[in-house]
Amino acid sequence: MAKSAYEYVKEFESSDVITPNVWIVVRIDGKCFHKFADTHHFKKPNDLCCLDLMNKCASNVMQEIHDIILAYGQSDEYSFVFERNTRLYKRRLMKILTHVCSLFSVSFAVHWNDFFPDVRMKGLPSFDGRIVTYPTNKNLRDYLSWRQTDCHINNLYNTTFWNLVQLEGVSRKEAEERIRHTISSGKHEILFQLGVNYNNEPEQFRKGTLIVKEKINKKQVIVENSVNINTRLCLTFTDIIGDSFWEKNPYILSTD
């Protein structure tokens, strides 16, 4: 590349290289998503079409960025875990972050009609994000456990709140007052009295969505879902707080 007298301005750029040998997590969130959901009349407490659209967007990101090994999503957020020793963009923070956010936002707009064929999109959806690094496998697992616990807490609250509004006919203010000081068992009891067994709610709502790159035999590759010739995306709604999932899939946290 030709040099010029103006090239010195590059010296003003901040160094944002991420420390080697740490897990990189990009978490994206919908910007003003509550307003976006209300504008498009999303179903409460969970809109399955929107959740499936979010999963489609996350899958697109993982297919495009091969260094992502795992993604976990709930509500309007998704967390992407990169290979511990990734050299993507020479580990430059802003390059990685902006790539993920832009891919996800564009995918959401492009695939909107696939999941909402009869709903015209009003306004442009966008997702902001942050990068956090974790030095140990335990730190990373604790982060994912935190997000899944958050999914459970929020979904139990929202399920109780909206069932009070929709089934019992109370106002939103009254529903909030009813459950404001309740613990988990109290919310379960309110739902039981309304004829709702929370444990029968779809796992996708209660546990969120996990997408992993599953190693497979070359002969088993499904072209439309494959990331490369040795892996394919596997979408599940499973517990990632306990040890069972990690013991069955030790390769995920392996750096070999």
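Me: Which residue in the turn of the hairpin formed by strand 2 and strand 3 has a positive phi?
Reply: In this predicted model, strand 2 and strand 3 run antiparallel and are joined by six bridges, with I68 standing opposite F82 in strand 3. The two strands form a hairpin with two residues between them. The turn residue with a positive phi, of about 50°, is S75.

Me: How many bridges join strand 1 to strand 3?
Reply: Strand 3 also pairs with strand 1, and these two strands run antiparallel. Within this pairing, D29 stands opposite E77 in strand 3. The number of bridges that join strand 1 to strand 3 is five.

Me: How many of the six residues of strand 3 are buried?
Reply: From strand 3, E77, S79 and V81 point one way, whereas Y78, F80 and F82 point the other way, and all of these are buried. Strand 3 is accordingly described as mostly covered, and the number of its residues that are buried is six of six.

Me: Which residue is in contact with I28, M54, C57, A58, V61, Y78, F80 and F127?
Reply: Neighbours within four places in sequence are left aside here, and the contacts that remain include I28, Y78 and F80. I28, Y78 and F80 are themselves among the residues that touch the most other members of the core. The residue in contact with the whole set is F104.

Definitions and conventions: Residues numbered from 1 in each chain as written. Predicted model: local features only at pLDDT ≥ 70, side-chain atom pairs only at ≥ 80, totals over all residues. Heavy atoms only, no water. Core = buried A, V, L, I, M, F, W, Y, C linked by side-chain atoms within 4.5 Å. Buried < 20%, exposed > 50% of the residue type's maximum accessible area, 1.4 Å probe, protein only. Contact = heavy atoms within 4.5 Å. Helix = DSSP H or I, 4+ residues; strand = E, 2+ residues; numbered from the N terminus. Pairing = 2+ DSSP bridges.
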